[in-house]
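Have the model open in a viewer while you read.

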Amino acid sequence: MHISNGIIDGPVSLAYGVVAVALLAFCLGKARHDLSDRLAPMAGLVAAFIFAVQMLNFPVLPGVSGHLLGGALAAALVGPWVGALCVSVVLIVQALVFADGGISALGLNIANMALLGTAVGFGVLIALMKLLPRTAAGLGLAVFLASILSVTLASQGFVLQYLLGGDVPLTIGYGQISLTMAGVHVLIGIGEGLIAAVTVTTVAKVRPDLVYALRGRRLDPAVGGGSTRKFVLAGLGVAAVLAGGVSYLASGSPDGLDATTREGCTVDAAGEITGGSCIAQRAADHELGGSVLADYGVKGLDGSTGLAGLIGVVLTFAIGLGVFWLVRRRRAAAGAQAPAERVGAGN
Amino acid sequence: MGAGHTHPMYVHSHSAVHHLAPEVKIAAAVLFTVVVVATPRELLGAFAAYAVLILALAVLARIPAGWLTKRSLIELPFVATALLLPFFASGPRTDVLGLSVAVEGLWGGWNILVKGTLGVLIALLLAGTTPARDILIGLDRLRTPQAITQIALFMLRYLDVLADEARRMRLARISRLDDPRFLWQLRGFASGLGTLFLRAFERGERVYLAMRSRGYTGRLPAALHEGSAATAGQWVAGAIVPAAAAAVLLLGRFGV
């Protein structure tokens, strides 16, 4: 989702714009080194590919659909420099030609999706490639995890921007915004990760030289001939562990943020006086304060934040699956009456 | 394909706004957006004046109101955010229609709603009156690095080709009795994406070789960028709208 005008205030948007321009110039130099005079046609086609990928929406929860950010995918296929450049060009064209994402928020969007997303994706990918076997499954798993972390951290980039330049002080506190954003984006990241993993392994099997992350070497043949189902199950398992782990980690840093909001008791993030009491105090009076999962920890268990995150993820996933199952059954019933429509609906 | 060399956002017409040089329109749109974002949210009159300016431009450019409305739906997710803010903001509360909402949140929601909407309308006016290729040439004349504009040019040129390729692959899959549903279609979908990337990249290599054999040296021929560069008169004409907006802002802050 692209940030629009007016969500983050002017000075912060401007500062991010300046940083984005500087980093893009750096990426441009590095990308030229990678592709020399092939840069424009090759990067142009890759950007068109990412644009096409971003147009595909998939359901995350009922009512919430995510689209691929493509940062980790681009980093795995064409490397961090060309990747960041391509995603940035996509964002610029989307803002100017398709009115998607505010013109004044361009720097913010580039910083989150193009720079942060690609950098995190590539960093995690390279680290994991060292640990995991160089088989198709290993590469797929690395891309999968890199995508999840890249998307989740890009969402935290937005939370940071809101902390710096959001106009409105909120009752729910930055720690909880951060957790909510992380929760939704882990789900988006799982979808993105599955798609990116299969995409990259497909390319790696046919033309390993085109996968930047392999650095020109082939994949090792799989030892046990691991089936895809095994891979998908392993991936989902890791995702669940990660979801618990990430929310556990995420709960650590927002405490720092909460402390800051608590410190400046009469002053909110925008520098305006809210009058006497602070955000953190009000957050404690939340209506659901007494619920079992309140404050994202399971009652009666110390340090159970990760567990609560995990339960939350599983619950929302189960609800989403259930609703989707119902919709699908209804649609299948309708489709049985008019089977000819399905081919027409393929567009 | 066969839809001409424009993009879906372009509204074909021959108005004064359409004929303005693209670099002037881009600069005006960016400046106008900056003024809108910089306006304090309490200056209701200023926002009304901006809306009038946009309306006047839309009439001058003969952009149908229905088109503007339909296209601005892209902003909907942020409208949802704006509507939620009054319930989650802190500070003194007030009653609206029997609901208790935060005053600060109401202002914040209004801020996002009005600035987001005006920003989208400005961007739509730019996109509706300027073909995509002209926008990139305009960026080029505004001294954007050639690498960026070239990449964007190639991207726009091949976007339809890739979208069509994806559509053909999907159709081929479905006509071979693939039945795409929820998660289980992910595999077919994603390996399709992998194939799409391969085809895109290999097409890029072919395009590069074809261009190379016709004398490409890393820069596009100058002829592409010649012709209708903005005259001083056009710059002045283009400056009217952002200048008017800035005047409204200054008047609202320090005058009256």
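Start with the largest nonpolar core, which has 163 residues; A:Ala43, A:Val46 and B:Met155 touch the most other members. A nonpolar core here is a set of buried Ala, Val, Leu, Ile, Met, Phe, Trp, Tyr and Cys residues joined through C-beta atoms within 7 Å. Buried means that 20 or more other C-beta atoms lie within 10 Å of a residue's own, with C-beta atoms placed from the backbone. This core draws at least three residues from each of domain 1 (16-138 + 229-254) and domain 2 (145-225) of chain B, with bounds that come from an automatic or database domain assignment.

Before going on, a word on ground rules: this is a predicted model, where local features need pLDDT of at least 70 and side-chain atom pairs count only at pLDDT 80 or more, while totals for chains, interfaces and linings use all residues. Residues are numbered from 1 along each chain as its sequence is written, and chains are lettered from A and ligands numbered from 1 in the order in which they are written.

Now zoom in on B:Met155. Leaving out residues up to four places away in sequence, B:Met155 touches A:Gly44, A:Ala47, A:Ala48, A:Phe51, A:Val89 and A:Val93; contact means C-beta atoms, placed from the backbone, within 7 Å.

Zoom out to the whole interface, and 76 residues of chain B are in contact with 61 residues of chain A. H8(B) gives the largest share of chain B's side, 19 residues. Helices (H or I, at least four residues) and strands (E, at least two) are DSSP runs, numbered from the N terminus. By class, this side of chain B has 50 nonpolar, 17 polar and nine charged residues. Ala, Val, Leu, Ile, Met, Phe, Trp, Tyr, Cys and Pro count as nonpolar, Asp, Glu, Lys and Arg as charged, and the others, Gly among them, as polar.

Over in chain A, there are eleven helices and two strands. Of its 347 residues, 51% count as buried. Helix H1 (residues 10-35) of chain A has 26 residues and should span 38 Å at 1.5 Å a residue, and its end C-alpha atoms are 36 Å apart, which agrees; the expected span is 1.5 Å times one less than the number of residues. Buried residues of H1(A) include A:Tyr16, A:Leu24 and A:Leu28. What covers the buried residues of H1(A) includes helix H2 (39-54) of chain A and H8 of chain B. Just after H1(A), A:Ser36 takes a positive phi of about 45°.

Terms used:
Two residues are in contact if their C-beta atoms, placed from the backbone, lie within 7 Å. A residue is buried if 20 or more other C-beta atoms lie within 10 Å of its own, exposed if 12 or fewer, and partly exposed in between; C-beta atoms are placed from the backbone.
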